[in-house]
Amino acid sequence: MFKIPLTKAARLNSVVLKGPRLVLLRAIAQDATKHYDIIIAGGGMVGTTLACTLGKNQILSNKKLLLLEGSKIKQQSISDKYSNRVVSINLGTHKLLNDIGAWSFIAKNRFATVRRMQVWDALSDSSITFGSSEHTDTVSYIVENDLLLAAVSEEAKKCNNLSIMDGAKVKNYQLPIAQDDVVGITLENGECFTCDLLLGCDGVNSSVRKAMEADYLSWSYNQMGVVATVRFCEKFNNEIAWQRFLPNGPIALLPLTEELSSLVWSTTPDEAKRLLSLTNQDFVAELNTAISGTFSRSSLVLQATSAFDTFLRMFNCSVDQVRAYPPKVQDIDSGSRAAFPLGFGHSSQYIRQGVALVGDAAHRIHPLAGQGVNLGFGDVACLNKILGDAVYSASAISNMDYLKGYESERQKHNVPTMLAVEALHRLYNTKFTPIVLLRSLGLQTTHALEPIKRAIRNQAAV
Amino acid sequence: MKKSKKWMTIDVSLNIRQLIDTNTNEFVTVFSLFSTVGTIDSEEVENFQKLAAEWWNPCGPLKPLHSMNKLRIPLVRDGLINEGCIAIVHVRTSTPLKGMSVLDVGCGGGILSEPLARLGAVVTGLDATSNALDVARKHAKDNNLAINYMCSSVEEFSQNNIGKFDAVVASEVVEHVTEKASFIAACSKCLKPSGSIFITTLNDTFLAHFLGVWMAENMLSLVPRGTHQSEKFVKPHQLQRILEDNGLRTKLMHGMIYNFVTNNWSWSSNRSINYAMHAVKNADL
Ligand SMILES: Cc1cc2nc3c(=O)[nH]c(=O)nc-3n(C[C@H](O)[C@H](O)[C@H](O)COP(=O)(O)OP(=O)(O)OC[C@H]3O[C@@H](n4cnc5c(N)ncnc54)[C@H](O)[C@@H]3O)c2cc1C
């Protein structure tokens with residue numbers, strides 16, 4: 001629909017544009033109902049939270065915001081049954097949700113608190129524990145995706161300057177070329193909008209990113225994440241997030257209730273297909289083996305790690321505290337089994353004139369550290385601050401100086417986190433003995449060295 | 001560094017100033033709108049007129065002035081907030097300067113006046129260059145901003161505007177002014193009791209002369225040649241002294257550092273090139 005960039009000057013003055021199409025475009029930009037200061041494309045967890053956060057920012061109260069979501073937003077009623085899609089919310093994200101008033105909705109419904117995170121290696125005896133054994137720290141919170149989305153949507157509705165459109169799939173973006181151009185957006189139903197700043201929150205396959213022609217580095221892990229809601233044999237104080245590194249990929253159990261946990265089992269696509277086709281009973285049996293079964297260990301690795309333990313003891317470092325194991329899994333919720341492809345992706349540019357990428361549109365990581373959406377929420381908090389700073393300093397909302405600040409600040413945080421997760425993934429995705437040895441030594445030292453662990457946790461918290 | 005020309009004002013008639021170039025003893029007539037002797041040198045008025053067309057290009061020769069807004073807007077805004085001039089309800093909103101009357105001395109094309117107005121201030125912009133003011137008026141109109149632009153020196157303006165302003169901003173002008181004392185006195189005169197003056201300028205140091213002038217004018221063509229005449233630069237303590245003589249107490253003094261590569265300004269404890277000051281007028285003046 002849009003062919004020639006439309007300037008703000010054209011919107012403000014009656015500059016004569018040639019051709020019927022441009023006359024039409026000018027009319028769109030001049031039509032106050034079609035022009036917005038900010039348009040957010042994509043109403044997933046990140047986009048909706050961003051819309052709500054910007055809508056609640058006092059400094060931006062005179063800005064007109066529009067959230068476009070491609071699918072129809074279904075009126076969610078929280079069922080008794082737990083959803084199989086959950087996220088682990090770190091303390092930074094928790095603060096953001098609290099600040100915008102969405103946490104109370106989640107708290108009124110349900111969530112689980114993780115007080116310890118235990119990570120161990122199936123091929124050696126090494127383990128690492130985050131959080132104190134007295135269960136006093138909070139490591140993270142487990143919340144269902146649907147509940148989180150319902151909570152932020154509820155709060156977003158309270159923002160007077162925010163319009164929300166669902167069933168509004170964007171067909172095409174016309175990005176600015178010159179400084180004063182506006183962004184043109186055409187929906188599949190033919191409707192057109194313009195805005196000063198477009199925020200792309202349209203997920204992994206972001207078409208905003210494609211329109212930006214950003215350099216995107218990506219690869220598939222050749223892994224699928226098999227998810228399910230699992231039921232244990234007994235009720236217990238379920239406050240530990242377990243993660244075991246298996247030869248095919250990590251398997252994680254995130255607490256939901258005293259007897260339920262949410263499973264994310266990363267494995268090869270063939271293996272995933274097979275796991276999905278099993279009966280519940282067979283699946284549970286394989287799951288129990290994966291969690292607590294013994295794998296053939298190399299004697300070299302065992303020897304070296306025990307020598308390492310002695311070495312650490314000599315230097316008065318704590319070794320192998322209380323290590324807990326999850327109880328046996330009894331059953332899985334019927335219909336809760338599903339599989340999702342896993343991949344890595346990072347956009348070298350988060351911004352361009354008039355545009356910024358947020359959340360999975362900009363970066364995608366392996367779910368092994370439960371950081372994916374937290375990076376996106378970190379983007380939201382940062383962008384909210386930076387856009388507020390720009391307007392509070394009377395700059396245009398799309399001022400590149402400020403947007404550059406967003407890009408550099410987030411890349412400074414996201415890239416090391418992604419590299420750490422990627423390194424962890426690569427380190428664990430092998431049975432080759434010297435590497436198994438290295439990684440078990442690595443796990444033990446991180447376990448023993450409290451300051452390093454704190455550093456890892458802090459990085460994961462922002 | 002080229003030797004700057006010295007001008008001597010000999011006669012003032014309506015709208016036309018006649019000047020003698022002291023080097024050649026030639027008469028030069030400069031058409032300008034000021035009718036009485038001000039402290040702005042006519043050679044500089046000419047320089048700025050050449051610039052007028054470039055005012056609103058953020059990547060043009062004045063880009064350091066555009067990017068400096070990132071520091072000087074917060075300087076004015078937070079300075080007034082800290083002085084308790086601003087009602088709490090306006091703090092952390094889109095219009096923190098709501099209702100504040102601000103005088104922008106040496107406003108040029110309005111690079112600083114417009115953002116101040118957008119933050120809710122009632123802005124009066126003064127400049128001696130009518131060409132720049134034409135640019136400023138048009139740009140403000142295009143952006144739906146009501147700013148009162150006037151072609152006048154502050155000395156002249158102050159005579160009929162005693163005690164009218166919550167704040168006076170003189171950003172990057174003091175270094176163009178010959179008679180600093182009467183300039184500051186006039187600024188002070190326009191302020192309400194307890195009003196604030198904000199100044200940014202160049203230091204009178206070797207580094208400022210070298211970097212601020214030579215680099216900027218010769219090497220990087222950021223500001224046109226002849227914009228600055230370094231003998232008019234002023235040291236912070238000298239400026240502070242003049243402010244004190246006019247009943248203005250210094251609240252804050254910061255160095256400012258410009259990154260030529262990224263076109264970015266940042267605050268610094270180093271005041272040897274650019275610096276900013278905030279001073280407050282005595283309550284009983
Ligand atoms: C198996 C698995 C487990 C995971 N576990 C965790 C975890 O424990 N912790 C964690 O932090 N993260 C986890 N993640 C990652 C997390 O789910 C994502 O980071 C998160 O969903 C990203 O949110 P988003 O809003 O950026 O993108 P999305 O959720 O993909 O949302 C994009 C939205 O944009 C809309 N859209 C797309 N195109 C258009 C268009 N053209 N027009 C209009 N709308 C459009 C879509 O309809 C969608 O609603 C996991 C991911 C997987 C696959």
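1. Shell make-up. By class, the ligand's shell in this predicted model has 10 nonpolar, 12 polar and 5 charged residues. Here Ala, Val, Leu, Ile, Met, Phe, Trp, Tyr, Cys and Pro go down as nonpolar, Asp, Glu, Lys and Arg as charged, and the others, Gly among them, as polar. Of the 27 residues around the ligand, the ones that come nearest are E69(A), G70(A), V170(A), D360(A) and V373(A); to be near, a residue needs a heavy atom within 4 Å.

2. G70(A) has a polar backbone atom 3.0 Å from a nitrogen atom of the ligand. As for cover, the protein takes up 82% of the 1000 Å² of accessible area that the ligand has on its own, going by the Shrake-Rupley method with a 1.4 Å probe. Elements that give two or more residues to the shell are α3 (45-55), β3 (86-89) and α11 (372-392) of chain A; helices are DSSP runs of H or I with at least four residues, strands runs of E with at least two.

3. Aromatic pairs. Over all chains there are 12 of these, meaning Phe, Tyr or Trp rings (for Trp, the six-membered one) with centres within 6.5 Å; planes under 30 degrees apart are stacked, over 60 edge-to-face, the rest tilted. Y350(A) and Y406(A) make a tilted pair, 6.4 Å centre to centre with 50° between the planes. That pair joins distant parts of the chain, 56 residues apart: Y350(A) is in the loop between β17 (338-347) and β18 (351-352), Y406(A) in helix α12 (residues 400-428). Y350(A) counts as buried because its relative accessibility is 0%, and Y406(A) is also buried at 0% (buried is under 20%, exposed over 50%, partly exposed in between; 1.4 Å probe, protein chains only).

4. Y258(B) and F260(B) pair edge-to-face, at 5.2 Å and 80°. Y258(B) is buried at 12%, while F260(B) is partly exposed at 26%. Back in chain A, ring pairs tie W103(A), F111(A) and Y141(A) into a cluster.

5. Charges over rings. R85(A) lies over the face of F340(A), 4.0 Å from the ring centre. R337(A) has its charged end over the ring of F283(A), 4.6 Å from the centre. The test is Lys NZ or Arg CZ within 6 Å of the ring centre and within 35 degrees of the ring normal.

6. Housekeeping. Residues are numbered from 1 along each chain as its sequence is written, with chains lettered from A and ligands numbered from 1 in the order written. Local features need pLDDT of at least 70 and side-chain atom pairs 80 or more, while totals for chains, interfaces and linings use all residues; side-chain values use heavy atoms, leaving out hydrogens and water.

Notes:
Polar contact = N/O pair within 3.5 Å; in protein donor to acceptor, adjacent residues only side chain to side chain.
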